[in-house]
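I opened a notebook for this structure and wrote down what I looked up, entry by entry.

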Amino acid sequence: MAKDRVFTTWDDTHSLLWGQQPIRLAHGLHKSPLFSTDKLAELIERYPREHYSLVQTGAKESRRLWREGEIGNLSGRQVMDAIAGGGLWLNLRNVSGVDRAYHTMLDGMFEEIAAKVPGFHAPKHQAGILISSPDAQVYYHADLPGQGLIQISGRKRVYLYPASAPFIKPEHLEDIALFDVEVDMPYADWYDAHAKAFDLEPGQMLNWPLNAPHRVENLGSVNISMTASYVNDEIRRAEIVNLANGLLRHRFGYQPKSRNMRGPSYFAKAVLQKLVRDSRWVKRERKAHRPTEFRLDAAQPGKIVELPKAA
(Lines give C-alpha, C1' and ligand atoms only; values in the text may rest on other atoms or scores of the structure.)
Protein backbone atom coordinates (compact mmCIF):
# COMPACT_ATOMS: atom_id res chain seq x y z
CA MET A 1 0.00 0.00 0.00
CA ALA A 2 1.27 3.45 -0.85
CA LYS A 3 3.04 5.23 1.97
CA ASP A 4 0.76 8.26 1.89
CA ARG A 5 -2.48 6.27 2.00
CA VAL A 6 -4.81 7.12 4.91
CA PHE A 7 -6.38 3.70 5.40
CA THR A 8 -4.04 0.86 6.30
CA THR A 9 -6.65 -1.91 6.09
CA TRP A 10 -9.85 -2.09 4.06
CA ASP A 11 -11.69 -5.17 2.83
CA ASP A 12 -14.81 -5.84 0.78
CA THR A 13 -17.05 -5.96 3.85
CA HIS A 14 -16.15 -2.34 4.67
CA SER A 15 -17.21 -1.29 1.18
CA LEU A 16 -20.53 -3.10 1.52
CA LEU A 17 -21.30 -1.83 5.03
CA TRP A 18 -20.19 1.80 4.61
CA GLY A 19 -23.10 4.04 5.62
CA GLN A 20 -25.32 1.04 6.41
CA GLN A 21 -23.80 -0.27 9.64
CA PRO A 22 -21.14 1.01 12.06
CA ILE A 23 -17.69 -0.01 10.85
CA ARG A 24 -14.24 0.36 12.39
CA LEU A 25 -11.30 1.02 10.07
CA ALA A 26 -7.53 1.28 10.54
CA HIS A 27 -5.72 4.46 9.46
CA GLY A 28 -2.28 6.04 9.70
CA LEU A 29 -3.19 9.65 10.45
CA HIS A 30 -2.11 9.39 14.08
CA LYS A 31 1.49 9.35 12.81
CA SER A 32 1.11 12.59 10.84
CA PRO A 33 3.06 15.68 11.98
CA LEU A 34 -0.18 17.62 11.49
CA PHE A 35 -1.25 16.24 14.89
CA SER A 36 1.96 16.92 16.83
CA THR A 37 1.66 18.93 20.04
CA ASP A 38 3.59 21.84 18.54
CA LYS A 39 1.42 21.95 15.42
CA LEU A 40 -1.81 21.79 17.40
CA ALA A 41 -0.67 24.49 19.84
CA GLU A 42 0.22 26.78 16.93
CA LEU A 43 -3.11 26.03 15.26
CA ILE A 44 -5.06 26.91 18.42
CA GLU A 45 -3.29 30.26 18.72
CA ARG A 46 -4.38 31.43 15.27
CA TYR A 47 -7.75 29.74 15.11
CA PRO A 48 -10.64 32.10 14.18
CA ARG A 49 -13.09 32.61 17.05
CA GLU A 50 -16.10 31.87 14.86
CA HIS A 51 -14.73 28.43 14.02
CA TYR A 52 -14.11 26.90 17.42
CA SER A 53 -16.22 25.75 20.37
CA LEU A 54 -14.77 25.45 23.86
CA VAL A 55 -17.10 23.46 26.11
CA GLN A 56 -17.11 22.79 29.83
CA THR A 57 -18.49 19.29 30.15
CA GLY A 58 -19.27 17.07 33.11
CA ALA A 59 -17.33 13.95 34.01
CA LYS A 60 -19.12 10.63 33.62
CA GLU A 61 -20.29 10.53 37.24
CA SER A 62 -21.38 14.18 37.42
CA ARG A 63 -24.60 15.93 36.56
CA ARG A 64 -25.11 17.01 32.98
CA LEU A 65 -22.99 20.06 32.19
CA TRP A 66 -22.50 21.65 28.78
CA ARG A 67 -21.46 25.31 28.72
CA GLU A 68 -19.64 27.16 25.97
CA GLY A 69 -16.72 29.49 26.56
CA GLU A 70 -13.72 31.06 24.88
CA ILE A 71 -9.95 30.67 24.99
CA GLY A 72 -9.11 34.31 25.68
CA ASN A 73 -5.45 35.27 25.28
CA LEU A 74 -3.86 31.99 26.39
CA SER A 75 -1.14 30.37 24.32
CA GLY A 76 -1.89 27.13 22.53
CA ARG A 77 0.18 25.18 25.06
CA GLN A 78 -1.69 26.79 27.95
CA VAL A 79 -5.01 25.81 26.36
CA MET A 80 -3.86 22.22 25.96
CA ASP A 81 -2.62 22.16 29.57
CA ALA A 82 -6.00 23.47 30.76
CA ILE A 83 -7.75 20.72 28.80
CA ALA A 84 -5.45 18.11 30.33
CA GLY A 85 -6.58 19.35 33.76
CA GLY A 86 -10.12 18.09 33.17
CA GLY A 87 -13.66 19.04 32.26
CA LEU A 88 -13.02 20.71 28.88
CA TRP A 89 -13.65 19.88 25.24
CA LEU A 90 -12.29 21.97 22.34
CA ASN A 91 -13.68 21.59 18.84
CA LEU A 92 -11.67 23.27 16.07
CA ARG A 93 -14.50 23.23 13.57
CA ASN A 94 -13.83 23.22 9.83
CA VAL A 95 -10.06 22.90 10.21
CA SER A 96 -9.95 21.83 6.56
CA GLY A 97 -11.29 25.28 5.65
CA VAL A 98 -8.91 27.13 7.98
CA ASP A 99 -5.65 25.31 7.17
CA ARG A 100 -4.75 24.10 3.67
CA ALA A 101 -2.67 21.15 4.90
CA TYR A 102 -5.69 19.54 6.57
CA HIS A 103 -7.77 20.27 3.48
CA THR A 104 -5.30 18.37 1.31
CA MET A 105 -5.19 15.46 3.75
CA LEU A 106 -9.01 15.27 3.88
CA ASP A 107 -9.32 15.36 0.09
CA GLY A 108 -6.98 12.39 -0.12
CA MET A 109 -9.01 10.47 2.45
CA PHE A 110 -12.28 11.00 0.61
CA GLU A 111 -10.67 10.05 -2.70
CA GLU A 112 -9.74 6.73 -1.11
CA ILE A 113 -13.27 6.20 0.18
CA ALA A 114 -14.78 7.03 -3.22
CA ALA A 115 -12.46 4.50 -4.85
CA LYS A 116 -13.55 1.77 -2.41
CA VAL A 117 -17.29 2.40 -1.95
CA PRO A 118 -19.36 2.01 -5.15
CA GLY A 119 -21.58 5.03 -5.77
CA PHE A 120 -20.07 7.09 -2.94
CA HIS A 121 -19.86 10.75 -3.88
CA ALA A 122 -19.29 13.52 -1.36
CA PRO A 123 -18.39 16.74 -3.17
CA LYS A 124 -18.64 18.71 0.08
CA HIS A 125 -16.66 17.54 3.09
CA GLN A 126 -14.87 19.06 6.04
CA ALA A 127 -12.93 18.09 9.14
CA GLY A 128 -12.75 19.25 12.74
CA ILE A 129 -10.16 18.53 15.42
CA LEU A 130 -11.35 17.59 18.91
CA ILE A 131 -9.06 17.97 21.94
CA SER A 132 -10.72 16.79 25.16
CA SER A 133 -9.97 16.13 28.80
CA PRO A 134 -9.43 12.66 30.26
CA ASP A 135 -12.82 12.82 32.01
CA ALA A 136 -14.78 14.60 29.26
CA GLN A 137 -17.88 13.25 27.62
CA VAL A 138 -20.11 14.26 24.76
CA TYR A 139 -23.78 13.77 25.51
CA TYR A 140 -26.34 11.96 23.40
CA HIS A 141 -26.66 13.76 20.06
CA ALA A 142 -26.83 13.35 16.29
CA ASP A 143 -25.21 15.05 13.31
CA LEU A 144 -26.90 16.20 10.12
CA PRO A 145 -24.07 15.37 7.65
CA GLY A 146 -22.50 11.97 7.12
CA GLN A 147 -19.97 11.52 9.89
CA GLY A 148 -16.85 9.62 10.88
CA LEU A 149 -14.62 9.83 13.97
CA ILE A 150 -10.86 9.36 13.60
CA GLN A 151 -8.85 8.65 16.74
CA ILE A 152 -5.40 10.23 16.93
CA SER A 153 -4.36 9.84 20.59
CA GLY A 154 -5.98 8.68 23.81
CA ARG A 155 -8.87 6.25 24.16
CA LYS A 156 -12.62 6.82 24.04
CA ARG A 157 -15.80 4.77 24.04
CA VAL A 158 -18.49 5.56 21.49
CA TYR A 159 -22.08 4.41 21.95
CA LEU A 160 -24.05 4.24 18.69
CA TYR A 161 -27.86 4.02 18.65
CA PRO A 162 -30.37 3.16 15.90
CA ALA A 163 -31.11 5.99 13.47
CA SER A 164 -34.87 5.55 13.95
CA ALA A 165 -37.66 6.40 16.40
CA PRO A 166 -37.79 6.59 19.34
CA PHE A 167 -34.03 7.21 19.44
CA ILE A 168 -34.29 10.02 16.91
CA LYS A 169 -37.32 11.74 15.39
CA PRO A 170 -37.72 14.29 12.59
CA GLU A 171 -38.28 17.15 15.04
CA HIS A 172 -34.88 16.41 16.62
CA LEU A 173 -33.15 16.85 13.27
CA GLU A 174 -35.17 19.99 12.61
CA ASP A 175 -34.12 21.52 15.94
CA ILE A 176 -30.46 20.73 15.23
CA ALA A 177 -30.71 22.43 11.84
CA LEU A 178 -32.45 25.49 13.26
CA PHE A 179 -30.65 26.07 16.56
CA ASP A 180 -27.25 24.60 15.62
CA VAL A 181 -27.10 22.66 18.92
CA GLU A 182 -26.79 18.88 18.73
CA VAL A 183 -26.75 17.89 22.42
CA ASP A 184 -30.28 18.93 23.42
CA MET A 185 -31.85 15.65 22.27
CA PRO A 186 -33.85 13.68 24.84
CA TYR A 187 -32.09 10.59 26.20
CA ALA A 188 -33.10 7.76 28.54
CA ASP A 189 -30.84 5.23 30.25
CA TRP A 190 -32.70 2.33 28.67
CA TYR A 191 -31.48 3.44 25.24
CA ASP A 192 -28.12 1.87 26.12
CA ALA A 193 -29.59 -1.63 25.86
CA HIS A 194 -30.02 -0.95 22.15
CA ALA A 195 -26.62 0.67 21.56
CA LYS A 196 -23.44 -0.73 20.07
CA ALA A 197 -20.33 0.30 22.02
CA PHE A 198 -16.93 0.74 20.37
CA ASP A 199 -13.64 1.47 22.13
CA LEU A 200 -11.43 3.57 19.84
CA GLU A 201 -7.64 3.50 19.98
CA PRO A 202 -5.13 5.67 18.09
CA GLY A 203 -5.08 4.55 14.47
CA GLN A 204 -8.77 3.61 14.36
CA MET A 205 -11.72 5.30 12.65
CA LEU A 206 -15.43 4.76 13.21
CA ASN A 207 -18.10 5.43 10.58
CA TRP A 208 -21.85 5.04 11.14
CA PRO A 209 -25.20 5.43 9.35
CA LEU A 210 -26.50 8.92 8.62
CA ASN A 211 -28.05 10.71 11.63
CA ALA A 212 -27.41 7.79 13.99
CA PRO A 213 -27.46 9.19 17.57
CA HIS A 214 -24.33 8.65 19.62
CA ARG A 215 -22.55 9.67 22.79
CA VAL A 216 -18.88 9.53 23.76
CA GLU A 217 -16.91 8.95 26.98
CA ASN A 218 -13.16 9.47 27.27
CA LEU A 219 -11.35 6.63 29.01
CA GLY A 220 -8.94 8.40 31.35
CA SER A 221 -6.56 10.13 28.95
CA VAL A 222 -6.41 13.36 26.97
CA ASN A 223 -8.00 12.64 23.60
CA ILE A 224 -7.18 14.06 20.20
CA SER A 225 -9.62 13.06 17.48
CA MET A 226 -10.70 14.29 14.08
CA THR A 227 -14.24 14.37 12.78
CA ALA A 228 -14.82 13.97 9.06
CA SER A 229 -18.23 15.06 7.79
CA TYR A 230 -19.61 14.94 4.27
CA VAL A 231 -22.64 16.04 2.28
CA ASN A 232 -24.04 14.75 -1.01
CA ASP A 233 -27.17 15.85 -2.83
CA GLU A 234 -29.55 13.72 -0.75
CA ILE A 235 -28.03 14.91 2.54
CA ARG A 236 -28.13 18.52 1.32
CA ARG A 237 -31.82 18.20 0.45
CA ALA A 238 -32.56 16.64 3.84
CA GLU A 239 -30.79 19.53 5.58
CA ILE A 240 -32.91 22.03 3.63
CA VAL A 241 -36.10 20.21 4.68
CA ASN A 242 -34.95 19.99 8.31
CA LEU A 243 -34.23 23.72 8.51
CA ALA A 244 -37.45 24.71 6.74
CA ASN A 245 -39.58 22.41 8.92
CA GLY A 246 -37.88 23.75 12.03
CA LEU A 247 -38.67 27.29 10.94
CA LEU A 248 -42.29 26.37 10.24
CA ARG A 249 -42.70 24.90 13.73
CA HIS A 250 -40.78 27.45 15.81
CA ARG A 251 -41.11 30.67 13.84
CA PHE A 252 -44.53 30.34 12.23
CA GLY A 253 -46.34 27.92 14.56
CA TYR A 254 -47.16 25.42 11.82
CA GLN A 255 -46.67 21.68 12.22
CA PRO A 256 -45.10 20.41 8.96
CA LYS A 257 -46.55 17.19 7.60
CA SER A 258 -44.13 16.46 4.77
CA ARG A 259 -40.47 15.55 4.54
CA ASN A 260 -40.50 15.22 0.75
CA MET A 261 -37.16 15.97 -0.88
CA ARG A 262 -38.63 16.44 -4.34
CA GLY A 263 -41.62 18.24 -5.80
CA PRO A 264 -43.50 21.49 -5.04
CA SER A 265 -43.39 21.28 -1.22
CA TYR A 266 -39.62 20.77 -1.28
CA PHE A 267 -39.01 23.73 -3.56
CA ALA A 268 -41.24 25.95 -1.43
CA LYS A 269 -39.25 24.96 1.65
CA ALA A 270 -35.97 25.54 -0.18
CA VAL A 271 -37.07 29.12 -0.88
CA LEU A 272 -38.32 29.63 2.69
CA GLN A 273 -35.11 28.50 4.39
CA LYS A 274 -32.98 30.52 1.98
CA LEU A 275 -34.93 33.67 2.82
CA VAL A 276 -35.03 33.17 6.58
CA ARG A 277 -31.87 31.22 7.54
CA ASP A 278 -29.74 34.37 7.91
CA SER A 279 -32.49 36.46 9.46
CA ARG A 280 -32.14 38.34 12.75
CA TRP A 281 -34.60 35.94 14.38
CA VAL A 282 -32.54 32.84 13.52
CA LYS A 283 -29.30 34.49 14.66
CA ARG A 284 -30.93 35.55 17.94
CA GLU A 285 -32.31 32.07 18.60
CA ARG A 286 -28.98 30.39 17.88
CA LYS A 287 -27.15 32.81 20.13
CA ALA A 288 -29.67 32.19 22.90
CA HIS A 289 -29.12 28.45 22.60
CA ARG A 290 -25.30 28.81 22.58
CA PRO A 291 -24.34 31.63 24.97
CA THR A 292 -20.65 32.20 25.75
CA GLU A 293 -20.51 31.85 29.54
CA PHE A 294 -16.83 31.64 30.54
CA ARG A 295 -13.24 32.31 29.53
CA LEU A 296 -10.08 30.38 30.39
CA ASP A 297 -8.18 32.13 33.17
CA ALA A 298 -4.68 33.21 32.13
CA ALA A 299 -3.75 34.05 35.74
CA GLN A 300 -4.75 30.64 37.12
CA PRO A 301 -4.04 27.85 34.63
CA GLY A 302 -6.84 25.33 34.48
CA LYS A 303 -9.39 27.72 36.02
CA ILE A 304 -12.17 29.62 34.29
CA VAL A 305 -13.56 33.12 34.59
CA GLU A 306 -17.34 33.52 34.48
CA LEU A 307 -18.54 36.08 31.95
CA PRO A 308 -21.46 38.45 32.57
CA LYS A 309 -24.76 37.09 31.35
CA ALA A 310 -26.13 38.81 28.27
CA ALA A 311 -29.09 41.09 28.93
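**Entry 1: Q273**

I began with Q273, which counts as buried at 6% relative accessibility. I use buried for under 20% relative accessible area, exposed for over 50%, and partly exposed for what lies in between, with a 1.4 Å probe and protein chains only. The model is predicted, so local features need pLDDT of at least 70 and side-chain atom pairs count only at pLDDT 80 or more, while totals for chains, interfaces and linings use all residues. Residues are numbered from 1 along each chain as its sequence is written, and side-chain values use heavy atoms, with hydrogens and water left out.

I found Q273 in helix α8, residues 263-276. Helices here are DSSP runs of H or I with at least four residues, strands are runs of E with at least two, and both are numbered from the N terminus. Which residues touch Q273, leaving aside its neighbours within four places in sequence? I noted I240, L243, A244 and L247; contact means heavy atoms within 4.5 Å. I also looked up R93, 180 residues from Q273 along the chain, and the two C-alpha atoms are separated by 23 Å.

**Entry 2: the whole chain**

I listed nine helices and 15 strands for the chain. Along the principal axes, the C-alpha atoms fill a box of roughly 55 × 55 × 40 Å.

How many of the 311 residues, as a percentage, count as buried? I wrote down 49%. Among contacts with a separation of 6 or more, 80% are between residues 24 or more positions apart. The chain exposes about 15300 Å², and carbon and sulfur atoms supply 52% of it; the areas come from the Shrake-Rupley method with a 1.4 Å probe, and for residues only the protein chains shown count as cover.

For charge I noted 41 positive and 36 negative side chains, with the centres of the two sets 5 Å apart. Lys and Arg count as positive and Asp and Glu as negative, while His and the chain ends are not counted. Each charge is placed at NZ of Lys, CZ of Arg, CG of Asp or CD of Glu.

**Entry 3: aromatic rings**

Rings of Phe, Tyr and Trp (its six-membered ring) pair if their centres lie within 6.5 Å; planes under 30 degrees apart count as stacked, over 60 as edge-to-face and the rest as tilted. By this rule I have 19 aromatic pairs. W66 and W89 form a tilted one, 5.2 Å centre to centre with 45 degrees between the planes. The pair links distant parts of the chain, since W66 is in strand β4 (residues 66-70) and W89 in strand β5 (residues 88-92), 23 residues apart. W66 is partly exposed at 22% relative accessible area, whereas W89 is buried at 12%.

I then looked up W190 and Y191, an edge-to-face pair at 4.8 Å centre to centre and 85 degrees between the planes. W190 is partly exposed, with a relative accessible area of 47%, and Y191 counts as buried at 8%. I also recorded one aromatic cluster formed by F7, W10, W18, F110, F120 and Y230.

**Entry 4: backbone details**

Most residues other than glycine have a negative phi, and most peptide bonds are trans. Where does the chain run from A165 to P166 through a cis peptide bond? P166 is in the loop between β9 (156-160) and α6, and omega of that bond is near 5 degrees.

N94 has a positive phi, near 55 degrees, and lies in the loop between β5 and α4 (95-98). Phi of N211 is also positive, near 70 degrees. I placed N211 in the loop between β11 (204-207) and β12 (214-218), where N211 counts as buried at 16% relative accessibility.

H172 lies in helix α6, residues 170-179. Is H172 buried or exposed? At 12% relative accessibility, H172 counts as buried. Beyond its neighbours within four places in sequence, H172 is in contact with F167, M185 and P186.

Last, I looked up D11, in the loop between β1 (7-9) and α1 (12-17). D11 is partly exposed, at 38% relative accessibility. The C-alpha atoms of D11 and K116 are separated by 8.9 Å, and the two residues are 105 apart along the chain.
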